[in-house]
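Have the sequence and the 3D view open as you read.

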Amino acid sequence: MISLTLVPTATWYLVLAAVLFSIGTFGVLVRRNPLVMFMCIELMLNAVNLTFVALARELNDINGQTIVFFVMVVAAAEVVVGLGIIVSIMRNRSALTADDLAELKG
Amino acid sequence: MEFFVFVCAAIMVLLGAVGVIVRKHPVHAALSLVLTLFGVAVLFVSQEAHFLAAVQVIVYAGAIVVLFLFVIMLLGVDRVENLRTEPLTAQRPLAIITCLGLVGVLVAAIVNGSGVLNERGEGIKLPDLQNGPDANTVQLAESIFSKYVVAFEVTSVLLVIAVVGTVLLTRKTKSSTGSQTK
């Protein structure tokens, strides 16, 4: 696992990705600004990408890197649509927190 | 050497991630996100995923964060969130407990399962004199355009749908008083 020569193995990368994912989860749970919540979702996506790349090298398999490519494309599309929704909701409002979106009235 | 790179990149990633969730100003949070994304790109390079590191810098740090900053500017930059008051009193301790539990479960699973990882793929080509300097890009392209070509084409449909949907969502109708949806 943790060797004495201090070469970072896949375990180290996976633990770092787990910590990054949890920080992103914490941000989504406690922050109120929908833009910052989106940034925390990006943190979680990056943690998963890091896991895929670490396992791709550990298992010596290029498919892990291929799926990271697709995750990036889907993340870009998700950010575009999400920010479009936020802009269209927030255009007529003054406050910018998720609590103000409790009612569905546009 | 790789240990040094890993430690520096890990510090970058964790500092940026903590910065995203503790900075009050959304612009500062977006700039902390850039730090995290660059750290992840460094980790990609140290794990022989050179093309993905370039895409990470170009797409994430170049496009997505700029989009975030653009929307922050569009909605007003001076809206600072008040992090001191919490409307739901039990939310923050519950979130801390949940995330610590998540870290614990994930790390336990990783450490417990690290023994079963064994090579099963057909190999990742490293850039050297035999494979050429762009071995990673070539191998990734061969994978995308042969084995996953259907998924690649569906991805283009997804991007078109995203663009059209965003234009429809943010469009201002001529009688933009009240109901914009139709």
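## The nonpolar core

In this predicted model, the largest nonpolar core has 59 residues. Those with the most contacts inside it are A:Ala17, A:Leu20, A:Met39, A:Leu50, A:Val53 and B:Val20. Two or more residues come from each of α1 (10-30), α2 (34-59) and α3 (63-90) of chain A, and likewise from α1, α2, α3 and α4 of chain B. The largest share, 12 residues, is given by α2(A).

## Chain A

Now for the chains one by one. Chain A has three helices and zero strands, so its elements read α-α-α from the N terminus on. Of its 106 residues, 47% are buried. Taking the contacts in chain A between residues at least 6 apart in sequence, 48% join residues at least 24 apart.

One residue to look at in chain A is A:Val28, which sits in helix α1. Is A:Val28 buried, exposed or partly exposed? It counts as partly exposed, because it has 17 C-beta neighbours inside 10 Å, and being buried would take 20 or more. Not counting residues up to four places away in sequence, A:Val28 touches A:Met37, A:Cys40 and A:Ile41. A:Val28 and A:Phe38 are 10 residues apart in sequence, and their C-alpha atoms are 7.8 Å apart in space.

## Chain B and its domains

Chain B has six helices and zero strands, in the order α-α-α-α-α-α from the N terminus on. Here 21% of the 182 residues count as buried. Of the contacts in chain B with a separation of 6 or more, 44% are between residues 24 or more positions apart.

Chain B is divided into domain 1 (1-81) and domain 2 (130-170). How many Å separate the centres of domain 1 and domain 2 of chain B? Taken over C-alpha atoms, the separation is 22 Å.

B:Pro133 is found in the loop between α4 and α5 of chain B. This proline counts as exposed because it has 11 C-beta neighbours inside 10 Å, and the cut-off for exposed is 12 or fewer. B:Pro133 and B:Val5 are 128 residues apart in sequence and 21 Å apart in space, C-alpha to C-alpha.

## A helix pair within chain B

Next, turn to α2(B) and α3(B). Their axes come within 8 Å and cross at roughly 175 degrees. That angle is over 145 degrees, which makes the two helices roughly antiparallel.

On α2(B), they include B:Pro26, B:Leu33, B:Leu37, B:Phe38, B:Phe44 and B:Val45. On α3(B), they include B:His50, B:Gln56, B:Tyr60, B:Phe68, B:Leu69 and B:Ile72. The residues of this contact divide into 20 nonpolar, two polar and no charged.

## Where the chains meet

The contact between the chains takes 69 residues from chain B and 68 residues from chain A. On the chain B side, the elements that give two or more residues are α1 (2-22), α2 (26-46), α3 (50-75), α4 (91-113), α5 (135-147) and α6 (149-170). This side of chain B divides into 48 nonpolar, 14 polar and seven charged residues.

From α2(A), the contact is made by A:Leu35, A:Met39, A:Glu42 and A:Val53. From α3(B), the partners are B:Leu52, B:Ile64, B:Phe68, B:Val71 and B:Ile72. The residues of this contact divide into eight nonpolar, no polar and one charged.

Conventions
Residues are numbered from 1 along each chain as its sequence is written. Chains are lettered from A and ligands numbered from 1 in the order in which they are written. This is a predicted model: local features need pLDDT of at least 70, side-chain atom pairs count only at pLDDT 80 or more; totals for chains, interfaces and linings use all residues. Helices (H or I, at least four residues) and strands (E, at least two) are DSSP runs, numbered from the N terminus. Two residues are in contact if their C-beta atoms, placed from the backbone, lie within 7 Å. Ala, Val, Leu, Ile, Met, Phe, Trp, Tyr, Cys and Pro count as nonpolar, Asp, Glu, Lys and Arg as charged, and the others, Gly among them, as polar. A nonpolar core is a set of buried Ala, Val, Leu, Ile, Met, Phe, Trp, Tyr and Cys residues joined through C-beta atoms within 7 Å. Domain bounds come from an automatic or database domain assignment. Axes are lines fitted to C-alpha atoms, for helices over the stretch in contact, and angles run from 0 to 180 degrees between N-to-C directions. Angles under 35 degrees count as roughly parallel, over 145 as roughly antiparallel, 65 to 115 as roughly perpendicular and the rest as oblique.
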